[in-house]
Amino acid sequence: LYERVAESLQILVGLAAESAQSQLISALDDFQASFRSVKRESALLDFDDLLYFARDLLRTNPAVRAALADRYRHVLVDKFQDTDPLQCEILFLLCGEDSTDKAWEEQRVRPGQLFLVGDPKQSVYRFRRADIRCYKQAKAAIQRQCPENVLAVTDNFRSRKPILDFVNQRFASPLSSIGYEPLVCTVAPSSKEAF
């Protein structure tokens with residue numbers, strides 16, 4: 001009976017949370033509409049507006065896409081693990097050679113146009129919409145197109161081997177869902193090291 005009650009309570013709490021979230025989102029609809037109106041009347045844009053407008057422009061205007069792709073022949077993104085879905089879509093539209101009717105992760109990237117550097121272990125900006133799933137989707141998309149272009153950066157130039165062994169032991173399992181790559185020491189051991 002206890003297990004049934006616990007399961008029922010968990011379901012009930014989930015339904016209540018879903019209902020509360022739905023009501024909150026609905027309650028904010030008028031606020032969001034008035035906020036967009038105030039921004040439009042004041043000729044103001046925030047960062048998200050710029051991203052949405054850029055994405056929409058790349059989606060709907062092939063001439064702009066072609067001109068920007070010709071102007072920016074090489075795009076380098078560092079800290080890619082902190083990218084959000086909208087930014088991923090912009091990158092793949094800008095560097096893709098397919099039509100815009102495909103999802104961003106299905107875009108074929110022009111050879112040599114997009115260079116991404118990211119470490120999923122360092123993805124900490126969820127509060128800014130960073131989504132590790134984007135990192136994984138982009139990596140998978142590039143691996144499908146050019147498997148030899150995905151490199152694991154594992155060399156560590158700062159820490160000694162005992163520290164990296166400890167880190168690898170402790171984090172390999174908890175971070176396996178993001179594709180943990182063990183770190184490799186490149187620092188020569190000193191004569192004073194006991195290990």
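A residue is called buried under 20% relative accessible area, exposed over 50%, and partly exposed in between, with a 1.4 Å probe and protein chains only. The model is predicted, so local features need pLDDT of at least 70 and side-chain atom pairs count only at pLDDT 80 or more, while totals for chains, interfaces and linings use all residues. Residues are numbered from 1 along each chain as its sequence is written, and side-chain values use heavy atoms, with hydrogens and water left out.

Side chains of opposite charge can pair when their charged atoms come close. A salt bridge here is a side-chain nitrogen of Lys or Arg within 4 Å of a carboxyl oxygen of Asp or Glu. The structure holds nine salt bridges.

One network of salt bridges links Arg55, Asp56, Arg59 and Glu89. Arg55 is buried at 11% relative accessible area, whereas Asp56 is partly exposed at 30%. Arg59 and Glu89 form a salt bridge of 2.7 Å, N to O. This pair links distant parts of the chain, 30 residues apart: Arg59 belongs to helix H2 (residues 47-60) and Glu89 to helix H4 (residues 85-95). Helices (H or I, at least four residues) and strands (E, at least two) are DSSP runs, numbered from the N terminus. Arg59 is partly exposed at 36%, and Glu89 is buried at 11%.

A further salt bridge joins Arg108 and Glu97 at 3.8 Å, N to O. Both residues lie in the loop between H4 and strand E2 (114-116), so the pair ties together parts that are eleven residues apart in sequence. Arg108 is partly exposed, with a relative accessible area of 36%, and Glu97 is partly exposed at 44%.
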